[in-house]
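Q: Hi! I'm new to this one, could you walk me through a few spots in it?
A: Happy to, let's have a look together.

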Amino acid sequence: MSDIAIHVENLGKRYRIGERRRYKALRDTLTNALYAPVRAATSLFNGHHTNASNNDRDNQFWSLKDVSFDVKQGQAVGVIGRNGAGKSTMLKILSRITKPTEGYVKIRGRVGSLLEVGTGFHPELTGRENSYLNGAIIGMKKKEIDRKFDEIVAFAEIEKFIDTPVKFYSSGMYIRLAFAVAAHLEPEILLVDEVLAVGDAAFQKKCLGKMGDVAHAGRTVFFVSHNLSAIQALCQRTIWLDSGRIEADGKPAQTVANYLDRMLAREDVSGVLMPLGDLQIHRIRLKNSYGEVTTNFRVGEPLLVEIHYSCAKPIEYPYFWVSIGSQCGSHFAANMLLDGCRANLIQGNGILSCRFEYLPLLPQRYIVQMGVRDKTGKVMLVRSGEVAAFNVISNVTELGLKGEQASSFVSDAAPVLVPYEWNLADGKIASVDPVKAVANNSGE
């Protein structure tokens, strides 16, 4: 057990549905304790005991149940699952914010956590004061924080506002400082939730790089995210939670593939894409040139991404983006912010589709990711995430790739295929046009 940073055994967390409890003073607690035996006896005498128990069970919801695992020191572990699977609840228990209903957790080492905007900072204190307060909370001495302070400020890029109370920060400023503090104050265990999704793309990339540095330095990283590409790039192990229980625990590539297969089988992505406003995405369908729903496509074939949504009220000119990425992280996208395509969404249900005219892709597995922002591009309406996956299944020989290493190269190469030719001394040696080659081989 000396190399175990996090030990979780039979962890469970139960909530009561729809119950709102008022604040209790000490006298209320003592009065309830004194009269509890009398109430129990009266209920039993009147024959209400069984019904009360059944009603109590009906109002219970287990966010986590029978969760057990160990995380070794220096290991980077990713946690995936649909919204409501119990991921954030588990992080709150590991961070000592929430107590478990059953089971227990043992943690060895100083913990730095970044769970949600507003966690860990006092709004009346300045950025500087909160940095020192957070360092003190995880057990650091002032000299240690002094040594790291300049790095924190530089990473967060808020030099002008470091002595301003954080209640005046924008969400972007707040989260930049919160992550910088959590990652730079040398925690032995770093817990990070999907909160990074509120940052811009450049900041997210910067944070992922920093988490990679933390992991490579031999510290433990526990990372909850819907960004499956980031999970695979950063983590050596992935835990998949489903309905509060561990569905799988293993290598990231295989665990993510199984998760996507399950998600595709359901077609419902409402548990993956979290609505942050009045827009909800219910279903994503991938269709081929014949209008058939499928997850297998040939090189050069069209791809239609069909987005089924509902609006609680009309939404003026939101912008959608749809990205297709490979296992190695390369991607291309359709982005309304860039192409200027805008349309008002009326209240109720609707379907928006994006057609990629052809897939200039090598035979690999690909992930479809999407997100939605408001007309300004600053407010996220639907948190981005992976919503579908598909395979390009053409044989490499159909692509005009005849080299000895073609088959092994394809699985690891950047995905996009473009025509090219080789020339020596102004004489053409060979040319390759994979999309045209597939079309010729199929008789088109």
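Q: Is Tyr132 buried, partly exposed or exposed?
A: Tyr132 counts as partly exposed, because its relative accessibility is 23%. Buried means under 20% relative accessible area, exposed means over 50%, and partly exposed is in between (1.4 Å probe, protein chains only).

Q: Good. What kind of model is this, anyway?
A: This is a predicted model, where local features need pLDDT of at least 70, side-chain atom pairs count only at pLDDT 80 or more, and totals for chains, interfaces and linings use all residues. Residues are numbered from 1 along each chain as its sequence is written, and side-chain values use heavy atoms, with hydrogens and water left out.

Q: Thanks. How many aromatic pairs does a search of the whole structure find?
A: The search finds seven aromatic pairs. Rings of Phe, Tyr and Trp (its six-membered ring) pair if their centres lie within 6.5 Å; planes under 30 degrees apart count as stacked, over 60 as edge-to-face and the rest as tilted.

Q: Why is the pair of Tyr132 and Phe149 called tilted?
A: Their ring planes are at 35°, so the pair is tilted, and the ring centres are 5.6 Å apart. This pair links distant parts of the chain: Tyr132 is in helix H4 (residues 127-137) and Phe149 in helix H5 (residues 142-156), 17 residues apart. Helices (H or I, at least four residues) and strands (E, at least two) are DSSP runs, numbered from the N terminus.

Q: And Phe149, buried or exposed?
A: Phe149 is buried, with a relative accessible area of 6%.

Q: What about Tyr366 and Phe390, stacked or tilted?
A: That pair is stacked, because the planes are at 25°; the ring centres are 5.6 Å apart. Tyr366 lies in strand S16 (residues 365-373) and Phe390 in strand S17 (residues 380-392), so the pair ties together parts 24 residues apart in sequence. Tyr366 and Phe390 are both buried, and together with Phe297 they form one aromatic cluster.

Q: Switching to charges: where does the charged end of Lys206 sit?
A: Over the ring of Phe155, 4.6 Å from its centre. Likewise, the charged end of Lys13 sits over the ring of Tyr15, 5.2 Å from its centre. A charge sits over a ring if NZ of Lys or CZ of Arg is within 6 Å of the ring centre and within 35 degrees of the ring normal.

Q: Which residues does Thr89 touch?
A: Not counting residues up to four places away in sequence, Thr89 touches Lys13, Tyr15, Ser63 and Leu64. Contact means heavy atoms within 4.5 Å. Thr89 is in helix H3 and is buried, at 13% relative accessible area.

Q: Now the backbone: what is the phi of Arg96?
A: Arg96 has a positive phi of about 70°, although it is not a glycine. Arg96 lies in the loop between helix H3 (87-94) and strand S4 (102-107), and is exposed at 53% relative accessible area.

Q: And Tyr317, what is its phi?
A: Tyr317 also is not a glycine, and its phi is positive, about 45°. You'll find Tyr317 in the loop between strand S12 (303-311) and strand S13 (319-326).

Q: Last one: where is Pro187?
A: Pro187 is in the loop between helix H6 (171-184) and strand S6 (189-192), and counts as buried at 0% relative accessibility. Beyond its neighbours within four places in sequence, its contacts include Arg110, Val111 and Arg219.
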